[in-house]
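Open the model in your viewer and switch to a cartoon view. The stops below say what to select and what is there.

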Amino acid sequence: MMDSTHRVRRRIAATVCAVALVFPLAACDALTPGSATTVPGPTSVPSSTAVPDGDVTLRLQFADAPLMVDALIAAFEKDHPGIDVEPQYKTFSDYVQNLKLTMTSDTAPDIAQYAVGMTDLAADGHILDLAPYREAYGWDEAIPPVSLDQLTAGQTSEATGGRALFGVPAGLSMTGIYYNKELAAKAGIETPPRTLAEFERQLAAAKDADLTPLGVGALDSGGLHLWAALLNQLMPTDEYWDWVNGKKGATIENPAAVEASEDMIEWGRKGYYNESANGTAQVDSTAQFAKGDSVFLINGNWAAGQLATVMGDDVGFFPMPGELAGSPTVASGFSVSYAVSAKTEHPQAAGAFLDFLTSPEAGQIISDNGFMPPNPDAVKKPTGVLADIAEGHRRAVADDGITTFPDFAAPAMLDRLRSGVQKLIADRVEPADYLDSLQDEWEDHHGE
């Protein structure tokens with residue numbers, strides 16, 4: 001049942017802010033750190049791309065693919081010896097949780113990974129509109145427009161009059177299932193499943209063979225990726241997008257989401273997950289899978305470079321299958337993209353780094369680390385598990401089945417999702433209560 005007391009309290013809080021409209025607005029703005037902060041200076045990058053003479057240091061804060069970022073920085077610095085890029089890695093949950101405070105502080109990094117909350121930061125002028133560089137560097141020729149369209153924050157550029165741009169992709173992502181071919185053969189599993197029901201039978205076969213069926217790093221994002229993968233197969237894509245995008249009347253309290261949540265609980269009851277899944281980080285579940293601790297692993301393509309290096313041809317990948325053979329391929333994914341802080345003192349140097357990300361050299365580094373480069377024709381054809389991922393992504397794109405991650409539904413949604421999924425895995429929450437908590441968070445952000 002819905003927590004009516006919580007809903008009443010939320011309406012009271014909204015009413016208080018509505019009544020406060022007749023008074024100074026700072027009182028309600030102060031409820032959100034950084035929301036009342038103004039940003040002096042330009043809101044877009046300059047039209048000139050010339051990097052000033054002298055040594056420059058750029059601080060880059062990010063949360064995904066540290067090995068790829070290190071390789072990109074090394075290659076960029078080799079081509080631009082006057083520019084030093086200092087990487088600042090944060091775990092994804094810490095990064096998202098602190099993003100607004102980070103980007104509104106006096107010590108904001110020059111470049112930051114685009115993530116949940118960047119749309120609000122763009123609207124408030126805390127990250128720079130890159131549209132002038134889009135034209136100057138010719139990014140429309142190097143990057144598919146669909147990849148750039150995800151990064152406009154729904155705004156028109158004041159500098160160019162065209163679409164705004166608040167990030168540049170450095171690789172496209174998707175989640176799915178890795179499998180250990182040797183262990184799968186021991187369980188009598190010969191091919192990737194064609195349907196969700198067939199995948200469940202394979203999990204049962206792995207359990208019957210006295211193997212751990214599925215590795216999950218639910219301490220951070222792994223459990224969330226599994227729930228989202230199930231939801232992608234059961235909930236109509238247009239309804240999912242309505243919810244993530246905050247469309248009026250959208251809800252996650254629906255039969256498809258209930259079924260996905262029930263599957264999470266049932267798989268835990270049957271012992272399909274690795275021991276201590278809720279206490280295992282995604283990076284650790286990946287390392288355990290690479291050592292042969294489970295038949296399957298839920299993760300994203302960002303783990304492919306590591307797994308290919310350790311496991312070679314013994315690892316494969318497939319997107320979570322749909323309910324029917326031949327169902328559209330649907331998977332969560334988003335571009336790993338970078339934005340430029342409005343407080344940077346070196347916008348031209350930051351622009352040079354972003355432009356490097358569109359080069360064939362960077363594209364090959366991106367591909368070697370398991371991500372799809374924005375322009376796949378600029379890199380050599382992948383092999384092994386990287387080829388599996390590329391094919392899965394191609395099918396998902398062709399089926400219009402790349403959906404963004406569910407935490408994009410609201411800036412504070414990640415904590416609700418992560419803790420809720422952990423409770424599903426541990427069989428400590430009813431699906432209806434879990435989904436009610438998500439919808440509460442959604443309405444807190446999107447409601448009047």
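## Stop one: a helix pair

Helices α14 and α15 run roughly parallel to each other, because their crossing angle falls under 35 degrees. This is a predicted model. Select residues 282-290 for α14 and residues 304-311 for α15; the axes cross at roughly 20° and come within 10 Å. The crossing is right-handed.

Now show side chains. From α14, pick Thr286, Ala287, Phe289 and Ala290; they meet Gln306, Leu307, Val310 and Met311 of α15. How many residues of the contact of α14 with α15 are nonpolar, polar and charged? Six are nonpolar, two are polar, and none is charged.

Next, select residues 222-234, helix α11, together with residues 255-269, helix α13. The two pack at about 135°, and their axes lie 9 Å apart. That angle makes α11 oblique to α13. The crossing of α11 and α13 is right-handed.

Colour the contact residues:

- On α11, take Gly223, Leu226, Trp227, Leu230, Leu231 and Leu234.
- On α13, take Ala256, Ala257, Glu259, Ala260, Ser261, Asp263, Met264 and Trp267.

Ten residues of this α11–α13 contact are nonpolar, two are polar and two are charged. As you look along a helix, remember the general rule: an α-helix has 3.6 residues a turn, so residues three or four places apart point the same way.

## Stop three: the sheet

Hide the side chains and move to the strands. Five of them form an open sheet with mixed pairing, in the order β2-β1-β3-β10-β4. Which strands are at the edges? They are β2 (83-89) and β4 (168-172), and each pairs on one side only. On average, neighbouring strands of the sheet are turned by 20° against each other, direction ignored.

Zoom in on β1 (residues 56-62) and β3 (residues 111-113). These two strands pair in the parallel sense, over two bridges. In general, strands of a sheet pair through backbone hydrogen bonds, either parallel or antiparallel.

## Stop four: a covered helix

Finish at residues 347-356, helix α16. Is α16 mostly covered or mostly uncovered? It is mostly covered, with nine of its ten residues buried.

Technical notes:
Residues numbered from 1 in each chain as written. Predicted model: local features only at pLDDT ≥ 70, side-chain atom pairs only at ≥ 80, totals over all residues. Heavy atoms only, no water. Axes fitted to C-alpha atoms, helices over the stretch in contact; angles between N-to-C directions. Helix = DSSP H or I, 4+ residues; strand = E, 2+ residues; numbered from the N terminus. Parallel < 35°, antiparallel > 145°, perpendicular 65-115°, else oblique. Left-handed = near helix turned anticlockwise from the far one by under 90°. Contact = heavy atoms within 4.5 Å. Nonpolar A, V, L, I, M, F, W, Y, C, P; charged D, E, K, R; others polar. Pairing = 2+ DSSP bridges. Buried < 20%, exposed > 50% of the residue type's maximum accessible area, 1.4 Å probe, protein only.
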